[in-house]
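Please look at the model first, then read on.

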Amino acid sequence: MRQFRSLGLDGVIEILPEKFGDDRGFFSETYNARVFADDGISLDFIQDNHSYSAQVGVLRGLHFQTPPFAQDKLVRVIRGSVFDVIVDIRKGSPTFAKWVGVEISAKKWNQVLVPKGFAHGFVTLEPDTEFLYKVTNYYSKDCDRSIRFDDPDIGVEWPVDLSTVTLSAKDEAAGLLKDTETGFVFEG
Ligand SMILES: Cc1cn([C@H]2C[C@H](O)[C@@H](COP(=O)(O)OP(=O)(O)O[C@H]3O[C@@H](C)C(=O)[C@@H](O)[C@H]3O)O2)c(=O)[nH]c1=O
């Protein structure tokens, strides 16, 4: 039985897909549209992504795409573990700039649904971490945005030494939430 658990922000949920272990190994349905629909969630995933991070402390984020390329993301880890962070960036939302964090790991076999209107990031807690996710819109370089992972107005408590994290050049140069346009209508 698949379990859904709210992580405390509107539409941000943790999913625990069932895993059937046997002598051969295991089997798991990692996505089933009907099960999501039974829980009132209808999403059209059209792209699958896979990132590999070699070291502990690789920090990717905080990312989102603006309309018309805004994305819902269903994220999971198949090797290693991450501390995953989701931030409400919907202007006017009662929880604007609030964040939640959850450990996602191959061992826990959990997933997180990150809806449109939320920025997303993670830091690896183990070397050789593989992160997989489904998204409901195509990648758009023009609509791709990054907000500083250590923005004091968000105040994410990353469980790692921030002086040693590995960032992309894009994330290194990211601006603050207050300087980021957020007045979009994130539909669907
Ligand atoms: C995200 C993405 C990147 N790319 C390319 C652009 C670039 O050359 C290279 C690496 O891209 P990035 O540095 O943006 O990759 P990364 O930092 O892993 O970006 C990802 O971070 C996590 C936290 C998310 O939430 C994702 O939505 C995505 O933004 O891959 C695509 O072709 N398609 C895609 O969907």
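## Terms and model

Two strands pair if DSSP finds at least two bridges between them. Strands (E, at least two residues) are DSSP runs, as are helices (H or I, at least four residues), and both are numbered from the N terminus.

The model is predicted: local features need pLDDT of at least 70, side-chain atom pairs count only at pLDDT 80 or more, and totals for chains, interfaces and linings use all residues. Residue numbers start from 1 along each chain as its sequence is written.

## The sheet

Five strands form an open sheet in the order β9-β8-β11-β6-β13, with antiparallel pairing. At the edges are β9 and β13 (144-146), each of which pairs on one side only. From one strand to the next, the twist averages 25 degrees (axes are lines fitted to C-alpha atoms, for helices over the stretch in contact, and angles run from 0 to 180 degrees between N-to-C directions).

Strand β8 (residues 81-88) pairs with β11 in the antiparallel sense over seven bridges. Phe 83 has Val 123 of β11 as its bridge partner. Strand β6 (residues 59-65) pairs with β11 over three bridges, also antiparallel, and His 63 has His 120 as its partner in β11.

## Strand β11

Strand β11 (residues 118-124) is largely enclosed by the rest of the structure, because seven of its seven residues are buried. A residue is buried if 20 or more other C-beta atoms lie within 10 Å of its own, exposed if 12 or fewer, and partly exposed in between, with C-beta atoms placed from the backbone.

In a regular strand, side chains alternate between the two faces of the sheet. On one side of β11, Phe 118, His 120, Phe 122 and Thr 124 are buried, and on the other Ala 119, Gly 121 and Val 123 are buried.

## The nonpolar core

A nonpolar core is a set of buried Ala, Val, Leu, Ile, Met, Phe, Trp, Tyr and Cys residues joined through C-beta atoms within 7 Å. The largest one has 33 residues, of which Val 85, Ile 86, Val 87 and Phe 118 touch the most other members. Strand β8 gives the most to this core, with five residues.

## Around the ligand

The residues around the ligand include Arg 60, His 63, His 120, Gly 121 and Phe 122 (near means a C-beta atom, placed from the backbone, within 6 Å). Strands β5 (47-53), β6 and β11 each supply at least two residues of this shell.
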